[in-house]
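Let's take a friendly walk through this structure together. Have the sequence and the 3D view ready.

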Amino acid sequence: MLNKDKKFRHKKNLIFATILLINIILSMRPIPSKSASVSLCDDPKSDLEQLIKNIAPDKIFVLADEHTFRHCFNFIKDVKGVSAERTCRINAGDDFKNIESLSSVWRFLSERGATRHSLLINLGGGMPCDLGGFAAATYKRGIPFINIPTTLLSMVDASVGGKTGINFNGFKNEIGAFRQAEMVLIYTPFLNTLDQHNLLSGYAEMIKHALIDKPEALDRLLKITLSDISSDKLSALVAESVLVKDRYVDSDPLEGGIRKALNLGHTVGHAFESLSMKKGRPVLHGFAVAWGMIVELRMAENKLGFPSSVRKKVEDYINKLYGFHPFGESDFEDLYALMLHDKKNIGERINFTLLDKVGEPVINVDCSKEEIKTALSL
Ligand SMILES: NC(=O)c1ccc[n+]([C@@H]2O[C@H](COP(=O)([O-])OP(=O)(O)OC[C@H]3O[C@@H](n4cnc5c(N)ncnc54)[C@H](O)[C@@H]3O)[C@@H](O)[C@H]2O)c1
Ligand SMILES: O=C(O)C(=O)C[C@@H](O)[C@H](O)[C@H](O)COP(=O)(O)O
Ligand SMILES: [Zn+2]
């Protein structure tokens, strides 16, 4: 099963890499995505207008947070049918990816007469994309939505693949649904106003994609200093990264199996993220995932023989750029209790996604409390 999977992935890798290369050479923009349509665009206004023409909604609504309304709304405000009056603005940050914000979006749509034929455009990072996607999935049992990601993290990861939802009861994405966007429009100049901290946060998910893709992709990322990167180079890396995500989503859209590879670093990462939020000192999702990957690569090394030289290279890179995770021995029981709620678990078993080697994820690895503790405190 695994071997067949590897061969299949290798063949698909080659096809995608070839298409990507041809695209870059010919400067063609659409990304050959399969699960949701994803495109790298040069002109969000005209691309959005074309899309809206095809969808033909009766009304158009936009969801933005306070920052994306300020920095990004101007790029789409002149699109026919888009208006500030029909733009729902929510507070920024993961603290607000909650039932109250969700309810305010449902109310906004309902009070302004949104129908099942109305369109919701989520303009923002992973927070508005996740929350807006879930609002769209549930409002009148589902209306179409478009994601326009404005952070690096949402361009390479959160806007694609149909996982929508909110945090609830102290747990990440506890309530949600799988629902694909009609289209994902990636416009990398939005990143010009994004701070370095949030760029790094997105870069962590790119490192995750490289780890489940191939050694060359990982080596390339670990050589780059994000603060010096040219916008062309970053756009090419965004395209490459989002293709990795799309490939896994396409093989297993509802996460019955191999899509769990995309959750590498998240069993521990989500526990870090939830605990930091509970303590009132929230860390960004990508930072939590970066630290979660360190712990899970140690577990992969201990349990599956993942090469220690590669684990060390990734760990050094993360420690240098992201610092060390802010948790101590005394946090272990809380972190473990949070991991018991991970969505990949079955019964009381905590199921990790680990790696044999770079590009060879192994899903459903059952790890004991002791094994987790050892990896956390090495
Ligand atoms: N659905 C998925 O597959 C998936 C994948 C990865 C992460 N996520 C989720 O995504 C969320 C994290 O996403 P995120 O990192 O994009 O966070 P975010 O949406 O909270 O954005 C981070 C910050 O950047 C600001 N911002 C956004 N775009 C900007 C721009 N262009 N210029 C200036 N500021 C801007 C936002 O207002 C916010 O303050 C988490 O909730 C995580 O769980 C979901
Ligand atoms: O798309 C996926 O599948 C992922 O796991 C991508 C993750 O980066 C993302 O953070 C996702 O929201 C985590 O999902 P969850 O099912 O662990 O809540
Ligand atoms: Zn993530």
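Ligand 2 lies between domain 1 (33-194) and domain 2 (197-377), because both domains give residues to the shell around it; the domain bounds come from an automatic or database domain assignment. The model you are looking at is predicted: local features need pLDDT of at least 70, side-chain atom pairs count only at pLDDT 80 or more, and totals for chains, interfaces and linings use all residues. Residues are numbered from 1 along each chain as its sequence is written, while chains are lettered from A and ligands numbered from 1 in the order in which they are written.

Which residues surround ligand 2? They are D157, G161, K163, K172, N173, E205, E255, R259, L262, N263, H266 and K343. A residue counts as near a molecule if its C-beta atom, placed from the backbone, lies within 6 Å of it.

Ligand 1 also lies between domain 1 (33-194) and domain 2 (197-377), since both give residues to its shell. Of the 32 residues around ligand 1, the nearest are H67, G125, G126, M127 and T151. At least two shell residues come from each of α3 (66-71), α5 (126-138), α6 (152-158), β8 (171-178) and α7 (196-211). Helices (H or I, at least four residues) and strands (E, at least two) are DSSP runs, numbered from the N terminus.

Here are the two shells by residue class.

Now for the inside of the protein. The largest nonpolar core has 107 residues, and L120, L185, I186 and V242 have the most contacts inside it. Such a core is a set of buried Ala, Val, Leu, Ile, Met, Phe, Trp, Tyr and Cys residues joined through C-beta atoms within 7 Å; buried means that 20 or more other C-beta atoms lie within 10 Å of a residue's own. Helix α11 (residues 285-304) gives this core its largest share, 11 residues. Both domain 1 (33-194) and domain 2 (197-377) contribute at least three residues to the core.

What does V242 touch? Leaving out residues up to four places away in sequence, V242 touches I31, V38, M155, V156 and V160, where contact means C-beta atoms, placed from the backbone, within 7 Å.

Finally, the protein chain as a whole has 14 helices and 11 strands. Buried residues make up 47% of its 378 residues.

Conventions. A residue is buried if 20 or more other C-beta atoms lie within 10 Å of its own, exposed if 12 or fewer, and partly exposed in between; C-beta atoms are placed from the backbone. Two residues are in contact if their C-beta atoms, placed from the backbone, lie within 7 Å.
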